[in-house]
Amino acid sequence: MSLILTNRLKTAADMVRENRFTADVGTDHGYLPAFLVMSGKTQRAVASDIGEGPLENAAKTLRRYGIQDKVQLILSDGLKNVPEDAEEIVIAGMGGNLITAILSGAPWIKDKNKHFVLQPMTHTYDVRKYLWENGFFIDDEKICRDSGRVYVVISAYYSGEKKEFDDFLCYFGEKIQPNNEDGRAYISKQLEIVKSRYKGLSSCGKQDEAKVFLEIKEKAEKEFNIS
Ligand SMILES: C[S@@+](CC[C@H](N)C(=O)[O-])C[C@H]1O[C@@H](n2cnc3c(N)ncnc32)[C@H](O)[C@@H]1O
């Protein structure tokens, strides 16, 4: 029996390095670690979640595919109970602010051998900002579409060096390809967020704060030739 992932999870799975001890944090149904193990990409994996219910879902998935001995299930708030020798850390399907809270709660992740695959559903701005402020670098970002929605998946490593960045980069990243359809769809989505922040702040008279978003909007329109 094969397991077919959604485009969103398949994009994340494709970014995981081969033959590394992998932790899927906030696993819910456990599809991602199940897929990695069944495809032979990963030999050792843990699937963690803050809830008993999601872990029961994951246990069912593992039993369905006969791989219950290959993925360890762990009840954990964020990375608290996740083994510190995990090399691939996947956090997908959560808000960006929850992802940054999980990362900041585990100082042991500041390790150059570890790789992070992060798939924020919202607040990608916060994820990029957190990474760059805390000595991580983003080596890749992939855009995918699933059920009419557009998603970003971020690949990052720790280097210990802080990066110079601004709000524009936090909204749009540096790795998005504006010339392909998915890249443009993602840029449009981010531009709508910037426009809505601008409108919200202008309409309540916060002109100074609104100006920041107007500048980001204008820069994006010029740089990506989009409106
Ligand atoms: C929407 S599901 C995403 C499932 C899967 N990762 C995916 O991308 O399809 C989010 C999961 O994160 C779990 N979660 C929420 N907060 C968490 C935390 N602080 N630590 C670990 N898991 C958490 C939830 O219980 C839920 O199962």
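**Exercises on a helix pair and a ligand shell**

Helix α7 passes helix α8 in a left-handed crossing, that is, the near helix is turned anticlockwise from the far one by less than a right angle. The model is predicted, local features need pLDDT of at least 70, side-chain atom pairs count only at pLDDT 80 or more, and totals for chains, interfaces and linings use all residues. Residues are numbered from 1 along each chain as its sequence is written, and side-chain values use heavy atoms, without hydrogens and water.

**Exercise 1.** Determine how the axes of α7 and α8 are arranged.

*Solution.* Two packed helices are described by the angle between their axes and the distance between the axes. Step 1: the axes of α7 (residues 181-203) and α8 (residues 207-224) come within 8 Å. Step 2: these axes cross at roughly 155 degrees. Step 3: angles over 145 degrees count as roughly antiparallel, and α7 and α8 are therefore roughly antiparallel to each other.

**Exercise 2.** Describe the polar contacts of the ligand, taking N or O pairs within 3.5 Å.

*Solution.* Step 1: in the side chain of R8, an N or O atom is 2.7 Å from an oxygen atom of the ligand. Step 2: a nitrogen atom of the ligand lies 2.9 Å from a backbone N or O atom of A92. Step 3: for a backbone N or O atom of I50, the distance to a nitrogen atom of the ligand is 3.3 Å.

**Exercise 3.** State how many residues surround the ligand, with a heavy atom within 4 Å of it.

*Solution.* Step 1: the ligand is surrounded by 17 residues. Step 2: the closest are R8, G26, D49, G78 and A92. Step 3: β4 gives the most to this shell, with three residues.

Note on methods
A residue is near a molecule or strand if one of its heavy atoms lies within 4 Å of it. A polar contact is a pair of N or O atoms within 3.5 Å; within protein, one must be able to donate a hydrogen and the other to accept it, and residues adjacent in sequence count only if both atoms are side-chain atoms. Helices (H or I, at least four residues) and strands (E, at least two) are DSSP runs, numbered from the N terminus. Axes are lines fitted to C-alpha atoms, for helices over the stretch in contact, and angles run from 0 to 180 degrees between N-to-C directions. Angles under 35 degrees count as roughly parallel, over 145 as roughly antiparallel, 65 to 115 as roughly perpendicular and the rest as oblique.
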